[in-house]
Amino acid sequence: MSKKNFKKLTTSLLFILIINFSFTPAKEIKWTAIGDSITYLNNHLNETDNRVKKGYLDRVKDRLPNISYINQGHNGWTTVGIAKEINKLGIVQSDLYSVFLGTNDWWNGIPVGSLNDYINNTGTGTTCGAYRIIIDKIRSLNPSAKIVLITPIQRNDFVYIADANNNAFGSYKAKNGQTLEMFANAIIEIAKHENFPVVDLYHNRKLKLEKAVKFKRLKNPLTGAYKNYKYPESASIPFNPKKDDYPYPLDAAKMTYDGLHPSDQGNKVIAENLVTLFKKNYHVL
């Protein structure tokens with residue numbers, strides 16, 4: 001072998017060795033996502049009547065493949081409900097936790113409480129007190145875990161796709177004297193107090209109430225003929241779940257497919273926000 005070729009060979013081998021020794025596989029990050037139906041549906045797409053093809057958890061994993069997630073979403077549950085059952089849910093030690101709750105607390109009329117309820121650990125009488133129980137549980141599992149709080153999404157009139165009798169008015173008016181924004185702001189306060197990163201979906205312009213659905217298909221009260229009503233007019237038109245057609249056909253979907261639960265478009269926005277936050281705050285990602 002000529003000196004020239006030998007030099008080329010040794011240079012190539014040295015380059016390969018440098019590459020091999022400098023490459024460190026990305027550490028796997030275990031992520032437990034605690035939430036309600038919005039999180040739960042990621043692994044139960046059939047319950048969306050297959051209107052959703054991919055939830056926000058899988059969308060985050062697609063972008064950050066060294067994450068492995070555990071779905072602790074509980075359909076219809078409140079923050080208070082999860083806090084009461086926190087020791088029975090099988091929540092495991094993880095590197096990263098997200099808590100995405102609040103919309104069901106608002107609808108069920110649970111008192112939001114205040115930051116003092118969180119600080120003083122007043123219990124499950126308020127949403128803020130319940131948050132403290134959940135955070136304490138996480139810290140007992142892993143004191144150094146990263147914790148992210150997520151505020152609820154603004155919602156239009158919800159009509160469950162499998163049973164129209166299960167319906168609820170949107171966050172455009174108060175329930176039990178409380179607005180959904182009060183819950184979002186309380187979660188932001190807790191995050192600031194704890195110095196937790198927060199994904200504020202409630203105040204995200206892409207997810208505001210007017211963009212939840214394109215329209216709601218309802219009977220014109222005067223003619224009885226079906227018509228596509230946009231918000232806010234749709235909020236004043238009556239809907240009879242026993243007699244009327246389902247008000248959100250496929251082409252009504254925008255950020256949600258049923259007024260409340262995110263569509264593929266909505267899940268994409270949630271995932272993008274989480275990916276941005278995870279990358280910014282956790283260099284391992």
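Contact, as I use the word today, means heavy atoms within 4.5 Å. Hi everyone, and please keep in mind throughout that this is a predicted model.

Let me start with helices H3 and H9. Which residues of H3 meet H9? On the H3 side they are Tyr56, Arg59, Val60 and Arg63. Across from them, H9 brings Asp264, Asn267, Lys268, Ile270, Ala271, Glu272, Leu274, Val275 and Phe278. By class, the residues of this contact divide into 7 nonpolar, 1 polar and 5 charged.

Now the geometry. Two packed helices are described by the angle between their axes and the distance between the axes. H3 covers residues 56-63 and H9 covers 264-281, and they pack at about 45° with their axes 8 Å apart. Because of that angle, H3 counts as oblique to H9. As for handedness, H3 and H9 make a right-handed crossing.

H7 runs over residues 127-141 and H8 over 180-194; the angle is about 40° and the axes are 11 Å apart. So H7 is oblique to H8. Their crossing is right-handed. From H7, the residues in contact are Thr127, Cys128, Tyr131 and Arg139, and from H8 they are Phe183, Ala186, Ile187, Ile190 and Glu194. That contact splits into 6 nonpolar, 1 polar and 2 charged residues.

Rolling a probe the size of a water molecule over the atoms shows where empty space is left.

How much space lies in the largest pocket? About 330 Å³. It has 18 lining residues, and the closest to the pocket's centre are Gly76, Asn104, Phe158, Asn166 and His261. Two helices, H2 (37-40) and H5 (103-107), each supply at least two residues of that lining. H5 gives the largest share, with 3 residues. What is the make-up of the pocket lining? The residues divide into 8 nonpolar, 8 polar and 2 charged.

The largest cavity has a volume of about 70 Å³. Its lining takes in Ile38, Leu41, Asn42, Leu45, Thr48, Val52, Gly55 and Tyr56, along with Tyr257, His261, Pro262 and Asn267. Sorted by class, the cavity lining has 7 nonpolar residues, 5 polar and no charged.

If you have the structure open, a few names come back here. Tyr56 and Asn267 line the largest cavity, and Tyr56 in H3 and Asn267 in H9 also belong to the helix contact I began with. His261 lines that cavity too, and His261 is also among the residues closest to the centre of the largest pocket.

Last, two backbone details for anyone who likes checking torsions. Which peptide bond is cis? It is the one from Tyr231 to Pro232, with omega near 15°. Pro232 is found in the loop between strand E9 (226-229) and H9. The other detail is Asn50, with phi near 60°, a positive value in a residue other than glycine. Asn50 has its place in the loop between H2 and H3.

Technical notes
Residues numbered from 1 in each chain as written. Predicted model: local features only at pLDDT ≥ 70, side-chain atom pairs only at ≥ 80, totals over all residues. Heavy atoms only, no water. 1 Å grid on protein atoms, 1.4 Å probe; cavity = no way out; pocket = protein on both sides within 12 Å on 5 of 7 lines; lining within 4 Å. Points joined across faces, edges and corners; volume = space filled by probe spheres on them. Helix = DSSP H or I, 4+ residues; strand = E, 2+ residues; numbered from the N terminus. Nonpolar A, V, L, I, M, F, W, Y, C, P; charged D, E, K, R; others polar. Axes fitted to C-alpha atoms, helices over the stretch in contact; angles between N-to-C directions. Parallel < 35°, antiparallel > 145°, perpendicular 65-115°, else oblique. Left-handed = near helix turned anticlockwise from the far one by under 90°.
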